[in-house]
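Keep the structure open alongside as you read.

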Amino acid sequence: MTTRAEAEQLVLKVPTEPYYAGRWQAGRDVNTFDVVDPVTERRLATVAETGAAGVDEAVSFARSALDDGEWARTDGAARGRLLDRVADLLEARGEEFAAIESLDVGKPGFEPRVIDIPQAVRTFRHFAGWADKVAGRTVPTPGHMGRPTLSYTVREPVGVVAAITPWNSPTMIAAWKVAPALAAGCAVILKPAEDAPLTSLLLASLIEEAGLPAGAFSVLPGRGEVTGRLLAGHPGVDKISFTGSPETGHTVAVAAAKGFRRTTLELGGKSPQIVFADADLDAAAEGVAIGVFANQGEVCAAGSRILVARAVYDDVVERLVARARDVKLGDPFDEGVTMGALISARQRERVCRYIDAGVAEGARLIAGGGRPRRAGYFVEPTLFAGAANTMTIAREEIFGPVGTIIVFDSDEEAVALANDSDYALAATLWTSDLGRAHTVARRVRAGAVAVNGWSPLDPALPWGGSRLSGHGRELGWSGIEANTEEKTVTVVL
Ligand code: NAD
């Protein structure tokens with residue numbers, strides 16, 4: 001396992017400039033921004049911010065790569081081989097990526113090592129497999145003016161795709177956007193979150209090493225208000241694949257609407273975890289706690305609304321409190337640590353405001369609620385019991401380690417509570433009754449429902465939500481559809 005000192009050395013080798021037109025664009029941008037270590041509150045790196053000229057050049061180079069560059073001539077099988085090579089390189093450098101991601105995001109070392117980086121590797125491999133299978137359909141047609149017809153569709157790359165990502169799982173979410181778009185033959189411009197851009201910059205060096213033709217992939221670091229806004233509003237961008245908050249998602253959607261450009265919006269969630277009375281309570285308590293506390297709760301699919309059947313309510317509450325007490329908060333590089341720091345002081349303030357709101361609105365604070373007295377943006381794993389679904393802590397996304405426990409008396413009520421939300425991203429059911437599992441899974445409004453396990457992600461499975469959670473699907477064949485236009489060809493024979 002990499003130590004903190006070793007990880008800090010690794011960061012020194014991460015490029016800090018934009019990468020486009022097949023090379024690092026050193027010295028082009030005058031503005032910079034600092035990347036801060038959430039655990040020590042010290043500066044980790046100073047990164048160049050891509051301005052208007054850089055965004056223009058990157059977009060026009062991506063466009064020419066698609067129109068008449070080497071990328072345009074790279075067929076599906078060759079794209080698949082390149083993506084496989086990216087997967088191999090990422091796997092070989094997995095420990096380095098995991099260490100830098102831990103440092104940059106403040107998350108415990110085992111999470112990127114076991115989840116984020118392997119998921120990213122699997123995503124590149126999965127889409128390597130799709131790259132030569134992006135096929136259209138033949139469609140039977142009755143003929144035209146007395147003559148027979150042959151009709152078929154072809155799937156063509158949507159064009160230049162801007163991928164705008166959040167800071168919570170930078171490598172994995174970048175892979176979710178970059179791999180399907182490249183498999184489909186698009187040119188991708190990645191704009192990582194300013195709070196944690198390091199592994200995305202490293203990904204560019206790895207993609208360069210894999211041999212992707214110039215213009216197929218670019219990374220433009222910069223703040224959302226500057227580089228993100230320029231990219232989202234650029235008329236040369238054909239599609240914006242955005243993951244982030246609903247507020248920014250709205251801004252991006254409005255910018256895209258000006259040119260009727262396509263969007264995939266993966267926004268937040270307030271996902272229910274429903275514990276039925278027939279659940280295996282040991283497994284449920286363990287899984288629910290992971291669903292609330294993994295990645296410090298900075299997870300779009302966090303199961304932060306915990307709905308519990310009255311018959312097992314006290315038992316489940318007791319078990320969850322024990323789980324919260326088991327969490328070891330600390331430096332992600334220290335032995336045994338299971339929860340790190342939140343990304344920023346701003347995020348810590350936001351989470352603490354929600355904790356205050358929970359107390360003020362009358363929910364019972366049964367675990368955590370405080371900030372440890374030490375450097376770093378830490379917040380204790382926190383649970384509220386006796387909550388109502390109308391409370392702020394049950395309605396708004398906190399994006400921190402805060403779970404809200406609500407009691408229910410019937411399956412009807414559980415479904416009604418689960419669906420009484422502005423969000424609809426994910427839901428988890430804990431039950432040993434097969435019929436109940438399938439029945440409730442159909443009735444809960446969510447893009448993804450998991451039974452007896454929290455958020456079992458796989459690159460083959462479509463991912464996305466509706467309502468304030470956004471629209472569109474990433475991953476699996478849906479990820480290919482999201483990055484292609486279907487063109488109809490009819491030949492009058
Ligand atoms: P954010 O919306 O502040 O930022 C997301 C990205 O958008 C960043 O790269 C940022 O620089 C950029 N950005 C900011 N303003 C912009 C603008 N005006 N134009 C274009 N880009 C702009 O979100 P965040 O704080 O980084 O992430 C937290 C949010 O992301 C949470 O709401 C969380 O639920 C959501 N999220 C969703 C998923 C999902 O799959 N649904 C996954 C992870 C995070």
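## Helix α6 and what follows

Helices here are DSSP runs of H or I with at least four residues, strands are E runs of at least two, and both are numbered from the N terminus. This is a predicted model, where local features need pLDDT of at least 70 and side-chain atom pairs count only at pLDDT 80 or more, while totals for chains, interfaces and linings use all residues. Residues are numbered from 1 along each chain as its sequence is written, and side-chain values use heavy atoms, with hydrogens and water left out.

Helix α6 itself covers residues 170-183, and its 14 residues should span 20 Å at 1.5 Å a residue, which agrees with the 20 Å between its end C-alpha atoms. The expected span is 1.5 Å times one less than the number of residues. As for cover, 14 of the 14 residues in α6 are buried. Buried means under 20% relative accessible area, exposed means over 50%, and partly exposed is in between, using a 1.4 Å probe and protein chains only.

## α2 against α8

Helix α2 (residues 52-67) and helix α8 (residues 224-232) have axes that come within 10 Å and cross at roughly 40°. Those axes are lines fitted to C-alpha atoms, for helices over the stretch in contact, with angles running from 0 to 180 degrees between N-to-C directions.

On the α2 side, A52, V55 and V59 meet T227, L230 and L231 of α8. Contact means heavy atoms within 4.5 Å. The residues of this contact split into five nonpolar, one polar and no charged. For that tally, Ala, Val, Leu, Ile, Met, Phe, Trp, Tyr, Cys and Pro are nonpolar, Asp, Glu, Lys and Arg are charged, and the others, Gly among them, are polar.

## The two sides of α11

Which residues of α11 are buried? They are Y313, V316, V317, L320, V321 and A324. These cover an arc of only 135° around the axis, which puts them on the same side of α11. The arc is taken from the directions from the helix axis to the C-beta atoms.

The face turned away from that buried side carries the exposed residues D314, E318, R325 and D326. Packing against the buried residues of α11 are β12, α10, β13, β14, β15 and β16.

## D331 and helix α12

D331 sits in the loop between α11 and α12 (345-360), and at 11% relative accessibility it counts as buried. Leaving aside neighbours within four places in sequence, D331 is in contact with R4, V39, V337, R374 and F378. The C-alpha atoms of D331 and A341 are 7.7 Å apart, with the two residues ten apart along the chain.

In α12, the buried residues are Q347, R348, V351, C352, Y354, I355, A357 and G358. Their cover includes β15, α13 and β16. After α12 comes G362, with a positive phi near 100°.

F260, in the loop between α9 and β11, has a positive phi of about 50° although it is not a glycine. Is F260 buried or exposed? F260 is exposed, with a relative accessible area of 76%.

L475, in the loop between β21 and α16, is another non-glycine residue with a positive phi, near 75°. L475 is buried, with a relative accessible area of 2%.

N483 is in the loop between α16 and β22 and counts as buried at 4% relative accessibility. Not counting residues up to four places away in sequence, its contacts include E156, P157, P180, K239 and R262.
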